[in-house]
Amino acid sequence: MGLGGCIILIAVGAILAFATDWHMQGVNLDVVGLILMAVGIIGVATFSSIARRRRVMVPPTAVVEEDRRRHDGYTDGYGM
């Protein structure tokens, strides 16, 4: 689940918990909304920690090119 899905879970949970007055027998929508918000917040925290780990930059290493020409007197390309 991406960051957008987590934010949608938080929004739907907040709507169920705070903006509705529906009553269903056997289901407490306030608790369902709080659970959805908790899952969304856990998802945002997990996503941000994974994204932070991906952004860690490795310092560049110096690339040393080795001179592959043989030094036996050939300079016209046949001695390579």
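Which residues form a nonpolar patch on the surface? Leu3, Ile7 and Phe47 do. The views below come from a predicted model.

**View 1. The whole chain has 2 helices and 0 strands.** The chain counts 80 residues, and 16% of them are buried. It exposes about 7,100 Å². Carbon and sulfur atoms supply 63% of that area. Take the contacts between residues at least 6 apart in sequence: 49% of them join residues at least 24 apart.

**View 2. Helix H1 spans residues 3–19.** H1 has 17 residues. From its first C-alpha to its last, the helix reaches 23 Å. That is close to the 24 Å expected at 1.5 Å a residue.

**View 3. H1 has a buried side.** Cys6, Leu9, Gly13, Leu16 and Ala17 are the buried residues in H1. They cover an arc of only 95 degrees around the axis, which puts them on the same side of the helix. An α-helix has 3.6 residues a turn, so residues three or four places apart point the same way.

**View 4. The opposite face of H1 carries exposed residues.** Ile8, Phe18 and Ala19 sit on the face turned away from the buried side of H1. These three residues are exposed.

View 5. Leaving aside neighbours within four places in sequence, Gly33 is in contact with Gly13, Leu16 and Ala17. Gly13, Leu16 and Ala17 are among the buried residues of H1. The C-alpha atoms of Gly33 and Val12 are separated by 7.1 Å. Along the chain, Gly33 and Val12 are 21 residues apart.

**View 6. Leu3, Ile7 and Phe47 make up the nonpolar surface patch.** Together they have about 250 Å² of accessible area. Phe47 lies in helix H2. The relative accessibility of Phe47 is 33%, so this residue counts as partly exposed.

Note on methods
Residues numbered from 1 in each chain as written. Predicted model: local features only at pLDDT ≥ 70, side-chain atom pairs only at ≥ 80, totals over all residues. Heavy atoms only, no water. Helix = DSSP H or I, 4+ residues; strand = E, 2+ residues; numbered from the N terminus. Buried < 20%, exposed > 50% of the residue type's maximum accessible area, 1.4 Å probe, protein only. Contact = heavy atoms within 4.5 Å. Areas by Shrake-Rupley, 256 points an atom, 1.4 Å probe, with all protein chains shown as cover. Patch = residues over 30% accessible without salt bridge, like charges linked within 9 Å, V, L, I, M, F, W, Y side chains within 5 Å. Salt bridge = Lys/Arg side-chain N within 4 Å of Asp/Glu carboxyl O. Expected span 1.5 Å × (residues − 1). Arc of directions from axis to C-beta.
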